[in-house]
Amino acid sequence: MSYLPYVVAVWLLVVGLYGVVTSRNLVHLTQCLAVAQSSSYLLLLAIGFRTGGIAPVFSGVSTGRKAVDPIVQALTLTDVVVSVTISGLLLAISVQVFKRHHSLDPAAGREMQG
Amino acid sequence: MHALVPLPVIVPLAAAVVIAGFGKFVHSRLVDLGAILVALADAVITVMLLLASLGHSLTYWYGGWQPVHGLTIGIAFVVQPFGAALAVLASLGTLATLIFSYRYFEEVGALFHMLVLVFLGAMCGFAMTGDLFNLFVFFELMSVTAFALTAYRSDEAAPLQGAVNFTVVNTVAAILILFGMGLLYGRTDALNMAAIGRQLAHVGADPLLVMAFALITCGYLVKAAVVPFHFWLADAYAAAPAPAAVLFAAVMSDLGLYAVAEIYWTIFDGPFGQHANLIRGVLLTLGMLTAMLGAVMSVLQRKLKRLLAFATISHIGLFLLGIGLLDNVGLAGAIVYLCADGLVKGGLFLGAGVLAYRLGSGDEFDLRGRGSGLPVLGTTMALGGLALATLPPFGTFVGKGLIEDAAAEAGAWWLPWTLLFAEVLTGGAVLRATGRIFLGLGAAADPELSEPQDDEDEDDEPENPPGRSATLMTFPVVLLVVGGLLVGFIPHVADRAADAAVRFVARPTLLDHTAAQSPHLSTAAYLFGAGACAGALAFAFLSLTRIRRVSAARDRGAEWLRLPVSVLHGLHSGHVGDYVTWLVVGVTSVGAACLLGMTHVVP
Amino acid sequence: MRLTVFAVAGASLAVLLGYAVFGLPPFGTFHGPYTDYLLAHAVGQRHGTNVVAAVTFDYRGFDTMGEEFILFSAVSGVALLLRASRDSEYERPVDAQPVESLTAVGLLASPVFVVVGLWLVAHGPVTPGGGFQGGVVLAAGALLIYIAGQYRGFRTATDEAVLDAAESVGAGGFIVVGLVGMGLGAAFLHNFLPYGRIGHIDSSGATAVINAAVGLEVAAAFVLLVTEFTEEVTSARAHRKLRDDADREGA
Amino acid sequence: MSVVVAVVLLGCAALGTVVVLVRDPLRQAMVASGYGAALVAVFVVLRAPDVALSAIVVVGAASPLLTLLALSRISLDAGDEDDAADDEAVG
């Protein structure tokens with residue numbers, strides 16, 4: 001039970017990858033990729049959690065209080081930004097792909113073959 | 001000297017910001033020149049750092065956050081010779097790119113320069129950082145910039161497909177890296193690589209460490225494009241505009257490998273030390289597969305850029321063989337080889353760019369005989385082909401010689417032959433293309449090479465506008481290829497690399513700091529080098545000859561290869577779902593192999 | 001074929017990772033020297049009460065600089081992809097007719113978002129929030145005017161050149177703060193400003209300046225991102241309308 | 001570990017799975033903002049208000065907005081394709 005959050009993170013990673021692999025539409029694929037990426041937020045924050053700890057913000061609270069790990073939160077913040085920028089780029093590419101190919105199916109990109 | 005450490009990152013980033021914000025208000029020549037000056041400044045600074053780091057590593061704490069009682073709380077750059085050498089390589093590659101693209105991208109203004117400069121900053125940061133998360137940040141910065149550069153000429157289908165595959169596969173890799181880093185952080189509560197290494201130095205391997213190793217290593221091997229993580233590379237490099245492809249091929253892939261070496265030696269050497277044979281087996285297997293598959297695929301291409309992309313993959317495999325020996329001489333050889341080879345490959349990619357620009361095609365058969373008016377370019381590219389085949393006594397030869405030295409030490413008799421095989425084929429493929437394009441040799445069509453694809457695709461660089469001098473574009477090609485050859489003549493390059501390797505390998509613990517024995521290039525190394533060149537020339541001759549007897553035998557041989565070739569082509573399907581599947585297969589295999597190999601780990 | 005291979009490999013990966021995560025400390029029991037040090041000393045050293053912000057903008061500020069440039073590059077990439085093709089294909093979009101009730105709501109809501117965004121940016125070092133979150137809210141404030149249908153007004157307010165410049169000033173501000181630290185003979189990103197009283201918005205020195213720079217950069221970046229996509233839609237729509245009109249006249 | 005945490009985590013896992021399984025990108029975008037909300041809930045129970053705030057603005061608002069804009073641009077193109085391409089378009 002005390003490993004549930006980690007298992008959920010692994011689950012989300014694998015499910016997200018499943019979506020990426022089977023996707024027939026680039027916009028759909030982009031959102032599956034975001035799910036896979038969100039698994040890392042969960043993993044990091046779950047690692048840094050401490051039972052009974054407060055958020056690492058000490059406004060109006062004595063600094064002696066037990067708090068959760070602030071470092072993983074800073075890392076997750078960066079991760080969230082990275083995720084949204086990648087989504088934005090992929091969506092822009094998808095729009096262009098549709099303009100040229102009139103399809104969003106990754107299987108349509110056959111001219112790369114060989 | 002310490003104050004210089006952050007500059008290779010800060011200077012290009014600051015310049016990029018200025019160009020992005022205000023570049024459109026000044027004359028475009030000014031932007032061109034400014035960017036070139038910034039790259040030049042970076043080259044000077046990184047060379048100074050390289051020289052300074054030969055004696056001892058330079059450590060720089062951002063924000064002044066020095067460790068407190070041995071506890072690292074900030075982010076450090078740790079400059080040692082190998083990282084600095086890669087930063088020099090990045091700066092030189094960028095410099096050549098910017099000279100080449102002087103007036104190359106009139107229509108889109110300053111965005112190209114801005115992205116290239118950010119890319120330069122990211123590469124330098126990646127090469128010098130000593131922090132695991134910071135490494136990830138620069139990895140992402142490099143990736144995002146590279147995605148944008150690949151999709152640069154967005155009016156065509158092929159680049160976009162290449163950009164999609166590149167973006168998705170590399171993003172999956174980044175997620176895996178972050179996951180692995182999370183596992184390590186959960187175990188050690190540290191992000192500084194040396195600090196993690198110190199904490200793990202005396203513990204044994206367990207499933208968490210093994211999977212963290214598999215995830216992080218495979219993630220960076222995706223960047224390096226090692227089989228089976230390589231599929232995206234040929235699509236992306238072939239699709240990207242030539243000036244961007246140079247940067248990718250010359251530096252970005254190599255940086256992926258460098259990260260693998262750095263992470264292994266800094267973090268995992270301690271806990272995995274007693275299983276070194278197992279790790280060696282895994283890395284050498286991957287390296288050998290990569291070297292052979294890349295070489296075979298490169299021979300099968302008729303598009304120059306695609307040919308070079310697969311040659312890049314093949315040579316990444318060779319460097320991995322050097323690193324995978326887990327021995328300091330092999331490591332030293334891999335780094336020297338990689339620097340020399342990076343410059344040469346960069347030059348060849350730019351050469352392909354010149355051809356596409358002047359003659360409007362990147363296809364070996366379309367171009368047959370049409371390069372006769374460009375003798376300097378032809379000679380340089382032929383030299384480049386020979387350099388890929390490790391012509392003694394030049395740069396690539398020195399590096400390869402060291403790897404062979406280490407292989408002999410380790411009893412890996414098959415390793416020099418693998419190197420030879422890959423060098424003969426990749427060098428031979430370049431020589432074949434050069435002979436056909438510049439001398440008009442060989443047949444005008446060859447059914448065995450990948451089919452001509454439907455009409456216009458990746459090879460059409462901007463149509464040849466008259467008035468751009470070929471001289472200005474050819475200059476960086478010569479600069480890079482000759483630079484790559486000259487790496488072999490840096491005084492005591494082999495000894496210095498070996499010294500640096502000893503330090504690199506011992507970095508986290510500073511234990512068993514043995515003096516490097518002076519490596520030597522044996523007669524066998526010269527024979528192998530000469531043999532590779534002769535083999536490459538023979539291969540080119542065989543492919544181009546029209547002597548009836550020989551060509552008939554060649555064609556009969558090709559008949560036999562048809563089935564395996566079509567299987568290989570089928571694997572490179574261009575479908576991003578397939579690529580991600582292979583990635584997962586690779587990570588799982590590496591993880592499972594390591595776990596099963598360390599049997600006492602499994603309860 | 002692909003599915004079968006992935007089913008096997010993905011399931012194995014899940015098993016291997018599931019195996020690996022049991023090597024982590026059980027949920028809720030994490031502890032370590034790095035964490036303990038920061039929780040114990042960050043407030044005292046930096047006078048800001050939000051330790052996450054202290055890590056993001058100070059102890060590990062260099063990471064955040066890299067992150068800002070990731071955003072910066074990605075937005076340039078999107079602009080590159082979408083602008084290059086659009087400019088050649090379409091003329092400037094035709095203004096949409098504003099719907100009055102929407103206009104009113106948008107115009108009323110917009111200042112609220114701007115105020116909240118500024119508050120978040122300013123209080124970043126003290127309470128949850130900061131340059132990134134506040135910047136996105138600020139962007140939303142600007143974009144609400146667009147939703148209100150004031151397209152013309154919005155375009156002048158978000159002229160690409162102005163936005164590019166704002167983004168550059170934001171990202172550049174980060175570097176300038178870092179360089180000032182260096183200029184004073186300390187390390188890059190050295191926190192050179194005096195600290196204020198604990199818990200006040202000016203408390204943690206240069207962190208507040210970096211926060212503001214990030215806020216500006218992020219706001220400009222998100223407005224650019226959304227306008228690039230919106231422009232795509234409106235210009236395609238306008239293009240289509242023109243073509244339909246031409247067809248009708250032809251008939 | 002409290003029941004609240006477990007419930008929130010399982011909800012998050014379930015919604016994430018649904019996001020992947022919904023094949024129509026438009027409907028997927030709506031489910032994805034629901035998933036964003038679930039993530040925010042997780043961040044709140046894990047005591048990460050900073051991350052929760054940025055998840056609200058990014059996963060809850062910015063990402064779906066960009067997705068919707070991209071989709072409407074694509075559907076416009078699909079409309080331009082004379083009917084034939086329609087079924088190929090968004091599906």
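**Entry 1: a pair within one helix of chain B**

I began with B:Glu404 and B:Lys400, which stand four residues apart in helix H15 (residues 395-410) of chain B and are therefore separated by about one helical turn. The model I am reading is a predicted one. I recalled that an α-helix has 3.6 residues a turn, so residues three or four places apart point the same way. I then found that B:Glu404 forms a salt bridge with B:Lys400, with the closest N and O atoms 3.3 Å apart. Are these two residues buried or exposed? I noted B:Glu404 as buried, its relative accessible area being 7%. B:Lys400 also counts as buried, at 0% relative accessibility.

I next looked up B:Glu423, with which B:Lys400 forms a salt bridge; the closest N and O atoms are 3.0 Å apart. Because B:Lys400 lies in helix H15 of chain B and B:Glu423 in helix H16 (residues 414-439) of chain B, this pair ties together parts 23 residues apart in sequence. I recorded both B:Lys400 and B:Glu423 as buried.

**Entry 2: a pair between chains**

I turned to C:Glu232, which forms a salt bridge with D:Arg73, the closest N and O atoms being 2.6 Å apart. C:Glu232 belongs to helix H9 (residues 206-250) of chain C and D:Arg73 to helix H3 (residues 49-80) of chain D, so the pair joins two chains. I found C:Glu232 buried, and D:Arg73 likewise. A network of salt bridges links A:Lys99, C:Glu232 and D:Arg73.

**Entry 3: the interface of chain B and chain A**

How many salt bridges cross the interface of chain B and chain A? The rule finds zero, and I have one residue pair in polar contact there. The elements giving two or more residues to the side of chain B that touches chain A include helix H5 (132-150), helix H6 (157-188) and helix H21 (576-597) of chain B. I noted that H6(B) supplies the largest share of that side, 19 residues. The residues of this side divide into 24 nonpolar, 16 polar and five charged. In the contact, 45 residues of chain B meet 39 residues of chain A. The two chains bury about 3,800 Å² between them, 76% of it on carbon and sulfur atoms.

**Entry 4: helix H1 of chain D**

I checked the length of helix H1 (residues 3-21) of chain D: at 1.5 Å a residue, its 19 residues should span 27 Å, which agrees with the 27 Å between its end C-alpha atoms. Among the buried residues of H1(D) I listed D:Val5, D:Leu9, D:Cys12 and D:Gly16. What covers the buried residues of H1(D) includes helix H1 (4-22) and helix H2 (26-48) of chain A, together with helix H2 (25-45) of chain D.

Key
Residues numbered from 1 in each chain as written. Chains lettered and ligands numbered in written order. Predicted model: local features only at pLDDT ≥ 70, side-chain atom pairs only at ≥ 80, totals over all residues. Heavy atoms only, no water. Contact = heavy atoms within 4.5 Å. Buried area = accessible area lost by both parts, 1.4 Å probe. Salt bridge = Lys/Arg side-chain N within 4 Å of Asp/Glu carboxyl O. Polar contact = N/O pair within 3.5 Å; in protein donor to acceptor, adjacent residues only side chain to side chain. Nonpolar A, V, L, I, M, F, W, Y, C, P; charged D, E, K, R; others polar. Expected span 1.5 Å × (residues − 1). Buried < 20%, exposed > 50% of the residue type's maximum accessible area, 1.4 Å probe, protein only.
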